[in-house]
Amino acid sequence: MNRFLVAANWKMNKTSTETAEFLREFKEKFQARDHRDIIFFPTALSLSQFQEAHLPSPIAYGGQNCLSQPSGAFTGEISAPLLASYGCQFCLVGHSERRTLFGETDADVAKKVKAIQEAGLIPMVCIGETEKQRLAKETLAVVQRQMTEALALALTDKPIAFAYEPVWAIGTGLVPTVAEIAEVHTFLRQLLVQKRGNSGENIPLLYGGSVNSQNARDIDSVKEVNGFLIGGASLKVASLLEIYSI
Ligand code: PGA
């Protein structure tokens with residue numbers, strides 16, 4: 001299987017001074033581990049600092065969002081080719097905060113996935129159910145719909161990654177049980193294989209939502225979990241490296 005991906009979603013955090021301070025400390029303390037990569041998702045304003053930091057190879061970075069158009073009169077937006085020009089290798093798509101706070105739909109996600117792949121980047125698509133959907137026992141139906149839609153326009157010969165992030169677990173300290181995570185990840189893996197044949201086995205499937213150094217080992221024990229997408233606990237070098245090193 002793939003390398004294990006430890007992804008840091010910084011959301012709308014860290015000034016340029018704070019990014020510089022983080023990168024200085026991170027470079028000093030980081031020790032690469034076999035088969036484990038780190039992917040940073042800083043704000044777009046910090047991308048040039050990542051580019052200039054020349055971080056060692058198991059470390060990559062990407063954008064948190066982009067528009068599906070490559071360029072043009074879209075004031076305030078960022079395109080996938082612009083992210084590529086700053087050395088990004090990835091771009092998050094469809095994070096629940098974008099879906100709920102900014103009205104991003106499955107159709108928007110599908111267009112962005114294609115645009116990101118066309119720019120040579122890897123889309124990391126976030127999917128997951130709300131608390132209401134979970135209580136209504138709609139989890140599998142919701143993630144199936146979101147994954148299917150995200151794959152609708154995806155280029156089959158280009159890489160893609162997914163992160164299962166239950167919305168109710170994001171930033172709340174609540175985490176599904178290991179059995180619940182295993183159930184969803186196994187279901188999603190089967191769906192990927194159904195849609196992509198054998199290559200579906202190699203599509204990274206991350207878990208996100210309140211991952212921290214206390215629960216990371218248990219979640220990592222789930223066979224179909226190929227990485228973490230970490231918000232709060234990725235903002236400090238110590239906690240990020242603790243999770244990376246489990
Ligand atoms: P969290 O965020 O780790 O703070 O719950 C995860 C995410 O939103 O990707």
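The tour starts at the ligand and then moves out through helices, loops and a strand.

**Before you start**

This is a predicted model: local features need pLDDT of at least 70, side-chain atom pairs count only at pLDDT 80 or more, and totals for chains, interfaces and linings use all residues. Residues are numbered from 1 along each chain as its sequence is written, and side-chain values use heavy atoms, with hydrogens and water left out.

**Stop 1: the ligand**

Select the ligand and its neighbours. A residue is near a molecule or strand if one of its heavy atoms lies within 4 Å of it. The ligand is surrounded by 13 residues, and the closest are K11, H95, E165, G171 and S210. Color that shell by class. You get 4 nonpolar, 7 polar and 2 charged residues. For these classes, Ala, Val, Leu, Ile, Met, Phe, Trp, Tyr, Cys and Pro count as nonpolar; Asp, Glu, Lys and Arg count as charged; the others, Gly among them, count as polar.

Now turn to polar contacts. Such a contact is a pair of N or O atoms within 3.5 Å; within protein, one must be able to donate a hydrogen and the other to accept it, and residues adjacent in sequence count only if both atoms are side-chain atoms. Select N9: an N or O atom in its side chain is 3.4 Å from an oxygen atom of the ligand. Next, select G231, where a polar backbone atom is 2.8 Å from a ligand oxygen. Then take G232, with a backbone N or O atom 2.9 Å from an oxygen atom of the ligand. On its own, the ligand has 280 Å² of accessible area, and the protein covers 94% of that. Accessible areas come from the Shrake-Rupley method with a 1.4 Å probe; for residues, only the protein chains shown count as cover.

**Stop 2**

You will find K11 in the loop between β1 (4-9) and α1. Helices (H or I, at least four residues) and strands (E, at least two) are DSSP runs, numbered from the N terminus. Most residues other than glycine have a negative phi.

Jump to K137, in the loop between α6 (131-135) and α7 (139-152). Phi is positive at K137 too, near 60°. Is K137 buried or exposed? K137 is exposed, at 77% relative accessible area. Buried means under 20% relative accessible area, exposed over 50%, and partly exposed in between (1.4 Å probe, protein chains only).

**Stop 3: helix α1**

Select residues 16-29. Helix α1 has 14 residues and reaches 20 Å from its first C-alpha to its last, close to the 20 Å expected at 1.5 Å a residue. The expected span is 1.5 Å times one less than the number of residues in the helix. Which residues of α1 are buried? They are T19, F22, L23 and F26. These residues cover an arc of only 100° around the axis, which puts them on the same side of α1. The arc is that of the directions from the helix axis to the C-beta atoms. An α-helix has 3.6 residues a turn, so residues three or four places apart point the same way. Look at the other side of α1, where T17 and E28 are exposed.

**Stop 4**

Select G62 in strand β3 (residues 59-63). G62 is buried, at 0% relative accessibility.

Select R189 in helix α8 (residues 178-196). R189 counts as buried at 3% relative accessibility. A polar atom of the R189 side chain lies 3.4 Å from the backbone oxygen of E201.

Select M147 in helix α7. M147 is buried, with a relative accessible area of 0%.

**Stop 5: two partly exposed residues**

Select T105, in the loop between α4 (96-101) and α5 (106-118). T105 is partly exposed, at 37% relative accessible area.

Finish at S245, in the segment after α10 (237-244). S245 is partly exposed, at 42%. The S245 side chain reaches the backbone oxygen of L241 at 2.6 Å.
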